[in-house]
Amino acid sequence: MITNKLYINGEWMDALSKETFPSINPSTGEIIAVVPKAGGAETKLAIDAAYNASKEWAKTTVFKRSELLHKIKNLILENSESLTRLLTMEQGKPLYEAEMEVNGSAKIFELYAEEAKRINGETLPNVDSKKRNFVNKVPIGVVAAITPWNFPLHILCRKISAALAAGCPVLVKPASDTPLIALALAKLFEEAGFPKGVANFIVGDTKQIGNEIFNSPKVAGVSFTGSTAVGKKIIEACASTVKHVSMELGGHAPIIVYDDADIDLAVEGTLINKLRNSGQTCVCANRIYVHKNVVEEYTTKLAEKMNKKTQGNGLDNTDLGSLVNEEAISKIETHVKDALDKGATLVTGGSRNKEMQTGYYYLPTILQDIHEEMELMKDETFGPVAPIIEFDDDEKIIERVNNTPNGLAAYFYTNNLKKVYEVSEQLEFGVVGVNDTTPVVDHGPFGGVKQSGIGREGGKEGIEEFLDSKAVSIRLEK
Ligand code: NAP
């Protein structure tokens, strides 16, 4: 599945400058392949290709679009084993997680292949018997999808399946750490027989590619997933051409464990949530608030289970794989050191995994005696670090949990029905899990409030991001 060319207007090409950059396996440090380093000129070609394809693609019936999207789903499944291995090699996550991501990516194409058929307009009641009013749903135009490295296939597929279903041609710019899995997907688009220019894939110089996209009047929308800092810059850059922006940005998720919770369930949920992708997910718990009556039991059980997790090259199907790069592991080290310097107590972990000769492995870590002034309470650690904050006031805890500019996901554990309703209502987050740390489903909306994002992906809401409502009034007689 390794492809090392750009895919523009249905053709494979090198960068015009012939420059390249490597895709590196984080587990071994080996170069998997070199890929072309596109700049502004190639981006312009891709934008023009998408723009030229836009009228025909918008006119293509939803049934035809659906058929093509189903083909991608089938091709992903047919190539699932190779895609899974490539994803693990390029990103570092263990095979079982990569396999889930690949299969989930196929499912999202299926979802939007079907959702395409439900792009319904509306007939409005008459205000004048001589006139008729309608609302037509129309594609917004060319969409640029800019995606991160942590779920480099699924996030990409969630965006482009919805955009293509809506009738928008796409231009894909994956993260520089994970270009190969995106280019492998481009190959499937060629195989499926999509019309030229409907799906374009470029990798390379991030700033040049971004500038060309943000300043082009031919690009109607930017669908971005990444950090809040970059998201803000993109919103600003898109202002000059007033683009539709969909933003899936950073999280700072809390878990609250009340003293009436099922502690074993809370421990299991924390492990799944905290250690998925070695903690490199936007919905990973970054702050764990545990009631003082159960904190000892919870911490002991969590540490016991965490210490049993295996860590190593994802291809060996360990529980945890390598982090994505040196920058990622350095950030974790900085956060842990800062917390320890400011009075935190180390329960387990607390350093790189010294048994590993290559790769970026940080031991699953638990910290206690955490307070708000520590860096890890203000910023995503993006690693396998569980900071535990003891609390004893059920009323005040909500205020503390909501006291963040982010609002992506939050979780809490309780067996009290009143709390289930009240706390879900009070949490200022886009996704809430009650006794559940895996609440996200593709057929439902996903996204954040406050500085965690604008718009939603998944579900019927996801396709709306790429549709405009056109109001049509028809006078039938004088
Ligand atoms: P990032 O640094 O913001 O990068 C995301 C994407 O934006 C990459 O493709 C990156 O390209 C590109 N980019 C960076 N600067 C750009 C610019 N000036 N113009 C155009 N594109 C630019 O984020 P990341 O480190 O890859 O991902 C981690 C962050 O994403 C975390 O904050 C996490 O919470 C967030 N995230 C959010 C969600 C969600 O659904 N809300 C999901 C996953 C991750 P390069 O790779 O070339 O720099």
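**Figure 1. A cluster of aromatic rings.** Tyr7, Trp12, Trp57, Phe109, Phe189, Phe194 and Phe201 are joined into a cluster by ring pairs. The model shown here and in the other views is predicted. In the whole structure there are nine aromatic pairs. Phenylalanine 109 counts as buried because its relative accessibility is 0%. Phenylalanine 189 also counts as buried, at 1% relative accessibility.

**Figure 2. The aromatic pair of tyrosine 258 and phenylalanine 391.** A pair of aromatic rings is described by the distance of the centres and the angle of the planes. For tyrosine 258 and phenylalanine 391, the ring centres are 5.9 Å apart and the planes stand at 90°, so the pair is edge-to-face. Tyrosine 258 is found in the loop between strand S12 (253-257) and helix H9 (263-275), whereas phenylalanine 391 is part of strand S16 (residues 385-391); the pair therefore ties together parts that are 133 residues apart in sequence. Both tyrosine 258 and phenylalanine 391 are buried.

**Figure 3. The buried and exposed residues of helix H8.** Helix H8 spans residues 228-238, and its residues Thr228, Gly231, Ile234 and Cys238 are buried. These four lie on the same side of H8 because they cover an arc of only 115° around the axis. On the other side of H8, the residues Ala229, Lys233 and Glu236 are exposed. Which elements cover the buried residues of H8? The cover includes helix H7 (206-215) together with strands S7 (142-146), S10 (219-225), S11 (244-248) and S17 (406-407).

**Figure 4. An open sheet of three strands.** The strands follow the order S5-S6-S22, and their pairing is antiparallel. Strand S5 (122-124) and strand S22 (467-475) stand at the edges; each has a single partner strand, so one side of each is left without a neighbour in the sheet. On average, neighbouring strands of this sheet are turned by 25° against each other, direction ignored. S5 and strand S6 (residues 131-139) run antiparallel and are joined by three bridges. Leucine 124 has asparagine 133 as its bridge partner in S6.

Technical notes: Residues are numbered from 1 along each chain as its sequence is written. This is a predicted model: local features need pLDDT of at least 70, side-chain atom pairs count only at pLDDT 80 or more; totals for chains, interfaces and linings use all residues. Side-chain values use heavy atoms; hydrogens and water are left out. Buried means under 20% relative accessible area, exposed over 50%, partly exposed in between (1.4 Å probe, protein chains only). Helices (H or I, at least four residues) and strands (E, at least two) are DSSP runs, numbered from the N terminus. The arc is that of the directions from the helix axis to the C-beta atoms. Contact means heavy atoms within 4.5 Å. Rings of Phe, Tyr and Trp (its six-membered ring) pair if their centres lie within 6.5 Å; planes under 30 degrees apart count as stacked, over 60 as edge-to-face and the rest as tilted. Two strands pair if DSSP finds at least two bridges between them. Axes are lines fitted to C-alpha atoms, for helices over the stretch in contact, and angles run from 0 to 180 degrees between N-to-C directions.
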